[in-house]
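Here is a friendly walk through one protein chain, in questions and answers. Have the sequence and the model at hand as you read.

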Amino acid sequence: HGTMTASYSTSSSPLVGTVPYHLSYILLHSHKPISQFPSKIQSPLRNALQLNVGKEIGHVNFSWSADQPVHKMSARISEDQSQGEVYCATAFSATRGRLFLPEVSLDNLENTVRQLKEHASESITKPTESSTNQLQIYVCTHGARDCRCGESGGEVAEAMRRLIEGRGLSGKVTIGEVAHVGGHKYVSISQ
């Protein structure tokens with residue numbers, strides 16, 4: 001259960017197991033809930049994207065939410081492994097907010113990496129056009145990777161959804177799920 005927020009700690013002694021400091025959190029939108037993922041996710045696209053973006057620039061992960069768009073090809077491609085992966089993605093940056101990418105694949109990797117590096121740039125403080133004031137909270141539900149996520153992550157996400165709906169915050173707060181990040185209790189991203 002990792003933690004990442006839009007504001008970063010400047011503590012010289014980070015908490016054990018937390019995600020290393022990075023400028024952007026990049027989520028590839030899955031068509032299926034994270035609770036259905038295997039322990040080790042085989043994704044040449046995720047690996048290539050992480051390698052090209054670099055650990056200091058961004059952390060690439062998978063997410064699922066009933067509210068997030070998914071690429072029309074992603075479900076069909078996951079069934080037919082002979083085709084390449086393609087996803088919609090969202091990148092969160094502390095300085096620029098949220099960036100939605102309608103298509104990320106190995107075919108457009110170079111352009112995607114350029115966009116992500118620009119979006120993560122600390123020297124640019126102007127928010128991107130797709131930034132909103134909606135709060136998005138992501139909970140790790142990757143039970144095959146960490147039993148704590150499987151035992152409590154889904155329950156936490158569902159309890160938060162009920163709370164948001166009960167308080168009339170739907171549309172202002174969204175709860176999603178992420179694959180294992182490592183370390184702590186939840187992932188929270190707001191923009």
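**Strands, bridges and buried neighbours**

In strand 6, Gly 176 is the bridge partner of Tyr 138. Please keep in mind that this is a predicted model.

Q: How many of the residues of strand 5 are buried?
A: Tyr 138 is buried, and the strand around it is mostly covered. Of the 6 residues in strand 5, the number buried is 5.

Q: Which kind of aromatic pair do Phe 92 and Tyr 138 form?
A: The structure holds 3 aromatic pairs. In the one made by Phe 92 and Tyr 138, the ring centres are 6.2 Å apart and the planes meet at 70°. Planes over 60 degrees apart count as edge-to-face, so the Phe 92 and Tyr 138 pair is edge-to-face.

Q: How many residues apart in sequence are the parts that Phe 92 and Tyr 138 tie together?
A: Both Phe 92 and Tyr 138 are buried. Phe 92 sits in strand 3 (residues 86–93), while Tyr 138 sits in strand 5, so their pair ties together parts whose separation in sequence is 46 residues.

Q: Which residues form one aromatic cluster?
A: The aromatic pairs in this structure number 3, and the Phe 92 and Tyr 138 pair is edge-to-face. A cluster is found as well, and its members are Phe 37, Phe 62 and Tyr 87.

Q: Which backbone oxygen does the side chain of Asn 61 reach?
A: Asn 61 is in strand 2, residues 58–64. Its relative accessibility is 3%, and because buried means under 20%, Asn 61 counts as buried. Among the residues that Asn 61 touches are Tyr 25, Leu 27, Val 178 and His 180. At 2.9 Å, its side chain reaches the backbone oxygen of Ala 179.

Q: How far apart in space are Pro 38 and Ala 179, C-alpha to C-alpha?
A: Pro 38 is found in the loop between strand 1 (24–29) and helix 1 (44–53). With 47% relative accessibility, Pro 38 counts as partly exposed. In sequence, Pro 38 and Ala 179 are 141 residues apart, yet in space their C-alpha atoms are separated by 9.9 Å.

Q: Which strands and which helix do the buried residues of helix 1 pack against?
A: The buried residues of helix 1 are found at Leu 45, Ala 48, Leu 49, Gln 50 and Val 53. After the helix comes Gly 54, with a positive phi near 90°. The packing partners of those buried residues are strand 1, strand 2, strand 3, strand 4 (97–105) and helix 3 (109–120).

Q: Which residue forms a salt bridge with Arg 161 at 3.5 Å, N to O?
A: Side chains of opposite charge can pair when their charged atoms come close. Arg 161 lies in helix 4 (residues 147–166), and a residue 3 places from it, about one turn of the helix, lies there too. The salt bridge partner at 3.5 Å is Glu 158.

Q: Are Arg 161 and Glu 177 buried or partly exposed?
A: A salt bridge links Arg 161 and Glu 177, with their closest N and O atoms 3.3 Å apart. Arg 161 lies in helix 4 and Glu 177 in strand 6 (residues 173–178), so the pair ties together parts 16 residues apart in sequence. At 25% relative accessibility, Arg 161 counts as partly exposed, whereas Glu 177, with a relative accessible area of 8%, is buried.

Q: What pattern does the protein chain follow along the sequence?
A: The chain has 4 helices and 7 strands. Of its 191 residues, 46% count as buried. Read along the sequence, the pattern is β-α-β-α-β-β-α-β-α-β-β.

Conventions
Residues numbered from 1 in each chain as written. Predicted model: local features only at pLDDT ≥ 70, side-chain atom pairs only at ≥ 80, totals over all residues. Heavy atoms only, no water. Helix = DSSP H or I, 4+ residues; strand = E, 2+ residues; numbered from the N terminus. Buried < 20%, exposed > 50% of the residue type's maximum accessible area, 1.4 Å probe, protein only. Polar contact = N/O pair within 3.5 Å; in protein donor to acceptor, adjacent residues only side chain to side chain. Contact = heavy atoms within 4.5 Å. Phe/Tyr/Trp six-rings, centres within 6.5 Å; stacked < 30°, edge-to-face > 60°. Salt bridge = Lys/Arg side-chain N within 4 Å of Asp/Glu carboxyl O. Pairing = 2+ DSSP bridges. Lists of a residue's contacts leave out its neighbours within four places in sequence.
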